[in-house]
Structures are given as C-alpha cells and as structure tokens.
Amino acid sequence: MWSLCLLMESTTPPVLLMMMMMMMASAVLGHTCPRICHCSDRDGLVVQCTSRDLDRVPPDLPRNTAVLLLSSNHIRRLQKGALADLALLRELDLSHNALDSVEAGAFQGVSEDLQTVDLSHNQLSGLPRDTFSTLRAQVRLSGNPWHCECSLQEVLRELRLDPETVNRVTCFSSVRDQYVGQPVIQVLDSGVNFCNFHHKTMDLAMFVAMFCWFSMVTAYIVHYVRHNQEDARRHRDYLKTLPTDYLQTLPSTLHLTKDSDTASSVC
C-alpha cells in the first residue's frame with residue numbers, strides 16, 4: 001500500500017493525488033455517503049436524509065455514522081438489524097414518519113453510547129418489550145397513538161424518556177377508558193398497574209370458557225339420560241301391546257326388559 005502511494009505521488013499531479021487518496025480512505029473506512037442523502041463531518045459523520053421520500057432506512061449507511069437524520073419521510077417499519085452496523089451512532093432522528101412497527105432487535109448492534117432517539121410524531125401504538133433494553137439513550141415518544149396496557153408499561157420501565165416531551169406521551173386508547181387522553185407517566189406514577197388489568201381480564205376469560213365447557217357437558221349428560229329414558233319407555237309400551245301367550249314364550253327377553261326397567265328407574 002505504501003509503495004503504491006509513493007508511485008502515485010511521483011506520477012500524479014498533487015490535487016488529483018489528494019482527491020484519489022481521500023476516495024481510497026473513504027472506501028477503507030466506510031465513509032461512502034448514500035446518493036439520496038447528504039453527508040458532512042461535524043464532530044463525527046452526519047448523514048442527512050431528511051425529507052427524501054424514503055420508505056425504509058437506507059441499507060448502505062456509512063459504518064462511521066455518528067448522527068443519522070431520517071425525519072419527515074414515509075418509513076413505516078424499523079426492521080431488525082436495520083442499524084446493526086452503526087457502532088458509532090450517537091443520535092437517531094426518525095420523527096415525523098409513518099412508523100407503526102418497531103421489530104424486536106431493531107437496535108441490536110448499536111453502540112451503548114447512543115444518546116438520543118427521536119420516534120415522535122409517528123403511528124406507534126406499542127413497542128416490543130425489549131426494544132430499548134440494551135440502550136441508555138434518551139427517547140422521545142410524543143405524538144404517537146399509544147395504547148396503554150401491560151406491555152407498554154414494561155417498555156417504559158426500561159428507558160429514559162426525554163424530560164421536555166414526557167408529558168406529551170399520552171394514552172390514545174387504554175384497557176380502561178378513564179385513562180384515555182392522560183399522560184402515561186402521570187397515570188403510572190399515580191399507582192395504576194396496567195398489568196393487573198391484563199391478568200384480571202385473562203382470569204375472567206378463563207372463567208367464562210370453563211363455565212361454557214361445564215354447561216355443554218351438563219347439557220349433553222341431561223340429553224343422554226332423557227334419550228335413554230325415552231327409549232326405555234317406548235320399549236315398555238311396545239311390550240304391553242304384545243299378547244300374554246307370546247310374552248310367556250320369551251322368558252329371557254322379559255328378564256332383560258325387567259333389568260332394563262330397573263336400570264332406567266335408577267337413572
């Protein structure tokens with residue numbers, strides 16, 4: 001590599017040589033900027049992809065990206081591994097998109113030095129429970145139609161909400177209607193536990209299912225007994241229509257009939 005540089009220096013004009021060396025360094029270090037974005041170096045590589053009509057996170061992001069700006073696009077899903085190679089990422093802005101899904105493991109491989117994540121003003125109603133478990137970043141979640149229930153409560157326990165927007169993270173819907181429109185953190189700080197509602201709902205559903213099953217079994221048994229009793233009654237009525245002389249010739253049949261009558265009376 002060094003001998004190649006010396007050869008280039010001896011045969012190439014200085015300006016062209018400098019440009020070629022910068023291009024080689026960029027290729028080696030992974031500085032190549034996506035064509036649809038604009039890149040600049042301000043205390044780390046800033047990749048500016050704001051308002052570019054993107055429907056997904058660009059797959060060819062430079063590995064040394066420190067700031068990734070993806071706001072005001074049409075991104076609907078943050079897939080697992082979408083940020084896996086960005087080990088130097090400090091700031092991520094996905095605000096004002098159409099995000100309605102963040103897959104488990106979406107932040108897998110991102111540096112623990114990630115400082116801010118902006119997911120505000122999207123279409124998120126919930127998040128996987130381990131979404132932010134490996135991060136210490138400050139997260140913005142305001143402006144989303146959150147559904148306040150057990151899994152959201154557990155997600156919020158794992159992250160640091162941005163203090164400036166924390167009271168704008170509100171319940172768009174809830175397992176209890178009285179909490180709709182209220183800030184999620186205020187509801188949780190008041191002692192409300194959405195997971196208790198979840199368990200009570202599950203217990204009630206199980207009770208209803210068991211009650212229905214028991215009712216069906218009882219109905220079947222009652223129908224079975226009544227059907228047998230009806231068959232026995234019809235058999236007795238039939239025997240009463242037969243001549244006495246004929247019945248005397250069938251002692252074994254009469255014996256079985258009497259046993260059947262006795263069993264039916266017991267039932």
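User: Is Cys148 buried or exposed?

Analyst: In this predicted model, Cys148 counts as buried, because its relative accessibility is 1% and the cut-off for buried is under 20%.

User: Which residue does Cys148 pair with in a disulfide?

Analyst: The general idea comes before the case. A disulfide is a covalent bond between the sulfur atoms of two cysteines. Here a disulfide joins Cys148 to Cys171, with an S to S distance of 1.9 Å. The pair links distant parts of the chain: Cys148 is in strand β9 (residues 146–148), Cys171 is in strand β11 (residues 171–174), and they are 23 residues apart. Cys171 is buried too, with a relative accessible area of 2%.

User: What is the handedness of the link of Cys148 and Cys171?

Analyst: Look at the angle about the S-S bond. For Cys148 and Cys171 that angle is -95 degrees, and the link is left-handed.

User: Which cysteine forms a disulfide with Cys150?

Analyst: Cys150 forms a disulfide with Cys195, and their sulfur atoms are 2.1 Å apart. Cys150 lies in helix α3 and Cys195 in helix α5 (residues 194–240), so this pair ties together parts that are 45 residues apart in sequence. The link is right-handed, with 85 degrees about the S-S bond. Both cysteines, Cys150 and Cys195, are buried.

User: How many of the eight residues of helix α3 are buried?

Analyst: First, the general idea about helices. An α-helix has 3.6 residues a turn, so residues three or four places apart point the same way. Now the case. In helix α3 (residues 150–157), six of the eight residues are buried, so the helix is largely enclosed by the rest of the structure.

User: Which residues of α3 are buried?

Analyst: They are Cys150, Ser151, Leu152, Gln153, Val155 and Leu156.

User: What does the link of Cys33 and Cys39 look like?

Analyst: The link of Cys33 and Cys39 is right-handed, with 85 degrees about the S-S bond. The S to S distance in this disulfide is 2.0 Å. Cys33 is partly exposed, because its relative accessible area of 25% falls between the cut-offs of 20% and 50%.

User: How many disulfides does the count come to?

Analyst: The count comes to four disulfides.

User: What is the pairing of the bonded cysteines in sequence order?

Analyst: Number the bonded cysteines of the protein chain in sequence order, then read off the partners. The pairing is 1-3, 2-4, 5-7, 6-8.

How values were computed: Residues numbered from 1 in each chain as written. Predicted model: local features only at pLDDT ≥ 70, side-chain atom pairs only at ≥ 80, totals over all residues. Heavy atoms only, no water. Buried < 20%, exposed > 50% of the residue type's maximum accessible area, 1.4 Å probe, protein only. Helix = DSSP H or I, 4+ residues; strand = E, 2+ residues; numbered from the N terminus. Disulfide = S-S within 2.5 Å.
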